[in-house]
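Hi everyone, thanks for coming. Let me put today's structure up on the screen, and then I'll walk you through it.

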There are 2 protein chains.
Amino acid sequence: MMLTERQLLILQVIIDEFILNAQPIGSRSLSKKDEINFSSATIRNEMADLEELGFIEKTHTSSGRVPSEKGYRYYVDHLLPPQAPKLADMQKIKSVFAERIYEMEKIVQKSAQILSELTNYTAIALGPKVKENKLKKIQIVPLNKETAIAIIVTNTGHVENKMFSLPPSFDVNEIEKMANILNDRLTGVPLMELKDKIFKEIVVLLRQHIHNYDGIVTALADTLNVSKPRKLFFGGKTNMLSQPEFHDIDKVKMLLSMIEQEKGIYDLMKQNPAGIHVKIGRENNNSALEDCSLITATYSMGPEEVGTIAILGPTRMEYSRVISLLHFFTADLTTLLTKLYQKQ
Amino acid sequence: MMLTERQLLILQVIIDEFILNAQPIGSRSLSKKDEINFSSATIRNEMADLEELGFIEKTHTSSGRVPSEKGYRYYVDHLLPPQAPKLADMQKIKSVFAERIYEMEKIVQKSAQILSELTNYTAIALGPKVKENKLKKIQIVPLNKETAIAIIVTNTGHVENKMFSLPPSFDVNEIEKMANILNDRLTGVPLMELKDKIFKEIVVLLRQHIHNYDGIVTALADTLNVSKPRKLFFGGKTNMLSQPEFHDIDKVKMLLSMIEQEKGIYDLMKQNPAGIHVKIGRENNNSALEDCSLITATYSMGPEEVGTIAILGPTRMEYSRVISLLHFFTADLTTLLTKLYQKQ
DNA sequence: GTTAGCACTCTATAAGCTTGAGTGCTAATA
DNA sequence: TATTAGCACTCAAGCTTATAGAGTGCTAAC
């Protein structure tokens, strides 16, 4: 099933061309290309072979050819024209990272926005893994006799807060004592282990020092049990509407509903193997994404993978450009995050 | 320009019918309605008058009639069939408010979601006016030698946080002292006045007690200057795609882009006169909303208006149902918020 | 192995025709 | 005078037909 040089050339030109114009390509127009020096009849023969092998398809009996998913897959794996990002794009990225933003979430959010602007596709960023952050400080602020707010600060500067009910007749003065105990014992503990630790170690201490401790322990443990899924950030949600393959309102609806739901996207994003990966069409296992490709890239903080950023476009997307862009972008983002947060 | 009883009846039936089916209505089909007991010829005469007065329009010379914006306006102002929300809807709303949610933002967010599900339109909620919240507590958590996080808690349980740079060679031990001063002097002050107050009153104190105070004061004041616009929450962003008037992909694109941008929506929402208001089509002064109507309703906390919630639908929307729903909803929401936060 | 040539296929577009829902006007009716 | 029946007319939507153009596959010649 080895393809000849000529077949590879034809396949590549067909896909490049289709990515550009979204129109089926015929043998005659192919034969006119500079790179190609054989007659349309020859090309027709080669195309027939390529079709038989499943790399290209016809939209109807007498139409030109269009890449199949298998064709795109081969193209992405073997035929990608190597490409460095455009200078202008690189500068734009640099300028974003040059701004003094501190919150990690804002950086990630902004990343999604910039990438969608640069690519005209939809950008999706999966926020950092908060669960693995380590506790820096817990604070408890009573609002009134019945409610209080627990505030958690992590080593990366992430802040979470949640209201909870105080047990009836709880002495507000005990709160500070309790906060001190918690800070003493829990600082440096990863958020995901907090709940466990509270029940295993802290309960004993609280029993000694705090009256009426039982009601508040469960409330607190519940509050600190940061089981929230990681946040998703989007840029250019509606960019897909400009693509000719989404002129069908039902397709658009399917796609946008799935984006709005977030659940499906989250499932796709969380299985994040390190590096850059391309999922084409049905490889995404999702009917709303049948005509889409998703390119994911991970970014890190120091040695540790912390997040994923992805570009969602039509299967006919500019793989080469997007991949090189993501390459450059995640490298820069990693550098920035490492510098910002690794020095504690 | 007073309309006769019969003209009113005809106008009402036309609009009711069009809201239901999105199809132009002809004299013959009107004459078959139970409410109407005169011939199609008579109706044609009346329709001609109504058209001349600008309440209805034809889509082409021999088509049935369709309500004009003026028609909808008259309908909303004078012809709305009074209607109580459906029992099932009321129960759904009640059940939402019965859940024990504490954070105001979550309540508002959930409100938008529920309303969009109940109406099948897009729901938009403008969050509470944070600026008018009063400071409950400021906390400053140093992350490392160069950065710290300022955390503000307000009387309504709203939490904001922002990272800022510490001036070089700032003594970390001074931070607690500073936080104490700030809390002493600023508790109870509305967020919008914080910055002013810091420069007028606190600077003097800090100068006495804190070394190297000048670098940190501007950083802090900047951080505490909560000038963020109020948050917007959406529900059912893609619901509009199911409306027949949005089968045109360009219209959809305009509308969704404007929603994604948030700016335009924010401008519409922030001019929130108390009570329920209807803006029809071009009354919204926004080309993306030409075929849309926006119904806004305010909700309160005790005596004070705190937020706005709105339903965005096609001009052909079910005004009566939506208005009664919003009426009921905001009353309930107001009760809940008043109960939750007014007891401090 | 490559290519020229030809018959064939299918889409897209435009033009023509028909149907049906609707109108406006006029004259007859209550 | 207000209402209605009747009729000629209009237009959109749907269907059919014709045409042009881009493309294919196959065969035979180079």
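This is a predicted model: local features need pLDDT of at least 70, side-chain atom pairs count only at pLDDT 80 or more; totals for chains, interfaces and linings use all residues.

Residues are numbered from 1 along each chain as its sequence is written, chains are lettered from A and ligands numbered from 1 in the order in which they are written, and side-chain values use heavy atoms, leaving out hydrogens and water.

Back to α6 of chain B, which covers residues 104–119. Helices here are DSSP runs of H or I, at least four residues, and strands are E runs of at least two, numbered from the N terminus. From first C-alpha to last, α6(B) reaches 23 Å, close to the 22 Å expected at 1.5 Å a residue; that expectation is 1.5 Å times one less than the number of residues. Its buried residues (under 20% relative accessible area, 1.4 Å probe, protein chains only) include Ile107(B), Val108(B), Ser111(B) and Leu115(B).

Now chain A, with its 12 helices and 10 strands. Its radius of gyration is 27 Å, well over the 20 Å that the globule rule gives for 344 residues, so chain A is more spread out than a compact globule. That radius is taken over C-alpha atoms, and the rule is 2.2 Å times the number of residues to the power 0.38. The C-alpha atoms fill a box of roughly 90 × 40 × 35 Å along the principal axes. And how much of chain A is buried? Buried residues make up 53% of the 344.

Terms used: Buried means under 20% relative accessible area, exposed over 50%, partly exposed in between (1.4 Å probe, protein chains only).
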